[in-house]
Amino acid sequence: MNNIISTRKKVSKSKLNMWLWGWFMVAPTMIGLIFLNIIPIFQTIYLSLFKSGDFGRGNIFVGFDNYIRMFGDAQVWHAVANTLLYTLLVVPFSVVFSIIIAVLLNGKIKGKSFFRTIYFIPMMAAPAAVTMVWRWLYNPQFGLINYVLNRLGLDSVKWTTDPQVALIAISIIGIWSIVGYNMVLLLASLKEIPRDYYEASEIDGASKMQQFFVVTLPLLTPTLFFVSVTTIIQSMQVFDVIYMMIDVANPAYENTVSLVYLFYNNSFKYMDKGYGSSIVVLLLVIIMIITYIQLKAEKKWVNYM
Amino acid sequence: MKNKVLLLMLVFVLSLTALTACAGNKNTSPANNENKQTEAPKQTGKDSDTSNNKGDVTLRYAVWDSNQAKGLRVMADEFEAANPGIKINIEVIGWSDYWTMLEAGATGGSLPDVFWMHSNEIYRYASNGMLMNLNDQIGSSSKVDLSKFPQGIVQIYNFEDKQYGVPKDFDTIGLWYNKTLFDAAKLSYPDETWTWDDLYNAAKALTKDGVYGMLAPLHNQEGYYNFVYQNGGTIITDDKKSGYDDPKTIEALEYYVKFVRDGLSPEVYADSERAEALQNGVVAMGLFGSWNLAGFTANEFLAKNFDVAVLPKQAKQASIYNGLAHSIAHNTEHPEEAWKFVEYLGSKEGQDKQAQLGVAISAYEGAADLWVSSNTTFNVKAFVDMVKYGVIRPYSNTTIVWEDKAYEALKSAFGGKESVEAAAKKAAAAMNQSLEAE
Amino acid sequence: MGKVGKFAKVLAYTFLTVGACLMILPFLWMLLTSFKTVAESTSMNPFVFFPNTVKWINYLEVIEKNNFVAFYYNTFAMILFRVICSLLFSAMAAYAFARLQFPGRNFLFGIVLFQMMVPTQIFIIPQYLMVDALGMRNTIFALVFPGIVSAFGTFLLRQFFLNLPKELEEAAKLDGCNIGQTFVRIMLPLTRSGLIALGIFTSLFAFKDMMWPLIINTSTESATLSSALAKIQSAISVHYPELMAASVLAIWPMLLIFMVFQKQFVEGISTSGGKL
């Protein structure tokens, strides 16, 4: 009897020790996040129930009016569709490309660090430079892409004003700018795979291809999970490129406007912060649903050692 | 709020001690700790702008056009020399971030002391009491005389009979044309006698060899607004209704869109593509405002081939014009000093200086002529000539909202997917809806 | 077999080279434009790829007009503090989330994920009000402020910790290490690549963050490279060569940082945990 009590006490003591360590270690991050981010998020959700006054004063409570207006606003639904389509275009392509590049750069290739640096460059280029280059590439009259198309005997494409293609043009920029990010992450985790694993599989007589699918890919899954969660979230929040390339006056605006762009216009341009906030809440709900599904699926395909 | 930062710092330092102690690196940990502790206060100390001599007042002066910053600095230096004890700190932030900064400042009660105000935003700031009422100061000032400024601009910054800004400058829209192409086509340059027909015929004659005669983008201020008012139409009526369904307005829009539909102008929507088209010699003529002057002068191609003239006329002559003003924060800690500075900027002396330095077209009577001589590359006198018949850029309390709605409605007409009349009616409906919500 | 190997190698190089050409285009463009005249920079018809003469004057003008020393100082102070804070706090939190059991763990991790889902634009005004209330505008502290903690970093490092074998901790426990010691001595060194990756990303995000420094640090001397660049951009709106010269001046240190640190990947586990 005594014995049992004492062991139980012992267990709970080491448990408590672990609890304390856990709380202590997450404390700085959690306190920071709560003040810097979580409180503003709840303020935003709260604000979505108001017709916002100027400069944070004179907000009038309107209940769910902003949401009712949002559900009847065709532009919001365009933006939902555009945002999802953009994500669907960017995430699979960029992830596949970056896996290929990371694996190649992890192998026996000359000039590795040269290539790594080059693939990372798009992430560093200033937005002004990026937009300028792509505007030139996409220019309908004398852009490089149309020049090549014409040479091949194809017709010119109005890359940024044709409603049918503008979103694809934007997605290409999105893929181009995110490949380096994914590549760095995947490379980092490729480097963490112990060599012994490969040696063992070599002894078993596995080919390079088999090695990739049997050793590399399964061990990459934790990072792949991270990459897919974060690229989906990032893609769902697409704003900069569209904002810089597509004006409200652009005929392709309806077909490219994203949820964050709509939120930005309403909150910061039209100063309708209440309505802008309700758009953010819609975006949040969509992202949460997607992330929840991913977390549920995590157990099915992600292998932790 | 202070507690929070202290708490974070505390946690920061604590976690360091805890961790290094655990690791048992007793030798290095004290040094590490000291480093971190000295670094933490350092981040707070550096660059703080509180280190002024006692008695010295530093005014924050916020502007959005860095092209003007250099000249404004010269003026601020002069002001500082004449007013010992007052320092002017010029803060330059680009247009859209400027308004975000001001918004945050107004919400948090930390507006700059003196800042630029614009017709799009004056209502929000004035009606919410964010600006200082300058009636008394202007009334007792011997230097600022509002009757010396264009009344249209003075009125923009007057809300419920209170003056919330002293006019700074104005801008008008001019017709830029490619002299070289005009010479080659043996056409005479545009001047004040030109009518819409002259413009159209010239555009037609110039459209060849891959060059478009005219640039008619989907743009209001540097585009169709000018034609609407030349035709006697309007964008917004005195009783705050949309003018897009006015037959005169529709007629002007039809004339304007015709350039695109007849192939005399490229189909341009993006703001950035307008100047690009001009700079690449794709178009022989285009409408651009006086604020582009610095940029256009710096471009060798434009400086060599282009010049500027007044806009053509139809029922009458018209050019959209607009002007900025200097406002003072309602809660500035230095109301007297701030007014002194605004008074200087709005005085004949300050306005003349601004014009001479080529900073902007000073709004003060007669000062604009001084500005003309600051640029010899182009015939910039055209911009000043147009003030007599200038029409203030249409505005209301929520200008940006209905401007965007109008763009959304009109673009189908530009693309030829809808008649101009139908699109204009849609624009009117959307605009009226937005005006009613004001 | 040898032939196939050779073919694969050629394919790999071709793929990498073509990709690299596409990737480097904007940077090359930036560099070339920075040496052009204004007319050359905007001309598309005919298209000018190489400048006629190399115009160093663009650089001189930009350097003369702007206080780049201050921009470099501010940017690097910001990056330094953000990297220190985010590496330290994120690693601690990530380890706890990945390896420790404690009440509220899933809920708290949910908050971390939740933060990442929100577009950053909504934080700007609330955070501005906080910094303003502290009277800290126009300081390095203000620049560091939003990056003191990092949800992204916590999530990233959690993935790295999750992937470490459990036996390691058990071994450490048997050696008499407490949780903190296990974390610092055993686990942290094993996530080196993850820490380097996070360091690179933190620097990069801090470097690219434009809106926050623009709004919070409005005085000229307290600007960072990217906010200064935005100001320069609005100043010389059509003078693209000067703008690109400024971009090159802003970017080269980042490039250098990356080139130095990416070498660390090569080391990876082979040096730190090879005994596994």
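Reader: At what angle do helix 3 and helix 4 of chain A pack?

Author: Helix 3 of chain A, residues 74–106, packs against helix 4 of chain A, residues 112–124, at an angle of about 160°. Their axes are 10 Å apart. Angles over 145 degrees count as roughly antiparallel, so helix 3 and helix 4 of chain A are described as roughly antiparallel to each other.

Reader: Is the crossing of helix 3 and helix 4 of chain A left-handed or right-handed?

Author: The crossing of these two helices of chain A is left-handed.

Reader: And which residues meet there?

Author: From helix 3 of chain A come Ile101(A), Leu105(A) and Asn106(A). They meet Lys112(A), Phe115(A), Arg116(A) and Tyr119(A) of helix 4 of chain A. By type, the residues of this contact are four nonpolar, one polar and two charged.

Reader: Turning to chain B, what is its average pLDDT?

Author: The average for chain B is 85, and 87% of the residues score at least 70. Over residues 1–53 of chain B, however, the pLDDT is below 50. That stretch has 71 contacts in the model beyond near neighbours in sequence. Where pLDDT is low, the predicted coordinates should not be read in detail.

Reader: Where is Asn305(B), then?

Author: Asn305(B) lies in helix 14 of chain B, which spans residues 300–305.

Reader: Buried or exposed?

Author: Asn305(B) counts as buried, because its relative accessibility is 9% and the cut-off for buried is under 20%.

Reader: What is Asn305(B) in contact with?

Author: Apart from neighbours within four places in sequence, Asn305(B) is in contact with Tyr177(B), Asn178(B), Lys179(B) and Thr180(B).

Terms used
Residues are numbered from 1 along each chain as its sequence is written. Chains are lettered from A and ligands numbered from 1 in the order in which they are written. This is a predicted model: local features need pLDDT of at least 70, side-chain atom pairs count only at pLDDT 80 or more; totals for chains, interfaces and linings use all residues. Side-chain values use heavy atoms; hydrogens and water are left out. Axes are lines fitted to C-alpha atoms, for helices over the stretch in contact, and angles run from 0 to 180 degrees between N-to-C directions. Helices (H or I, at least four residues) and strands (E, at least two) are DSSP runs, numbered from the N terminus. Angles under 35 degrees count as roughly parallel, over 145 as roughly antiparallel, 65 to 115 as roughly perpendicular and the rest as oblique. A crossing is left-handed if the near helix is turned anticlockwise from the far one by less than a right angle, and right-handed if clockwise. Contact means heavy atoms within 4.5 Å. Ala, Val, Leu, Ile, Met, Phe, Trp, Tyr, Cys and Pro count as nonpolar, Asp, Glu, Lys and Arg as charged, and the others, Gly among them, as polar. pLDDT is the predictor's confidence in each residue, from 0 to 100. Buried means under 20% relative accessible area, exposed over 50%, partly exposed in between (1.4 Å probe, protein chains only).
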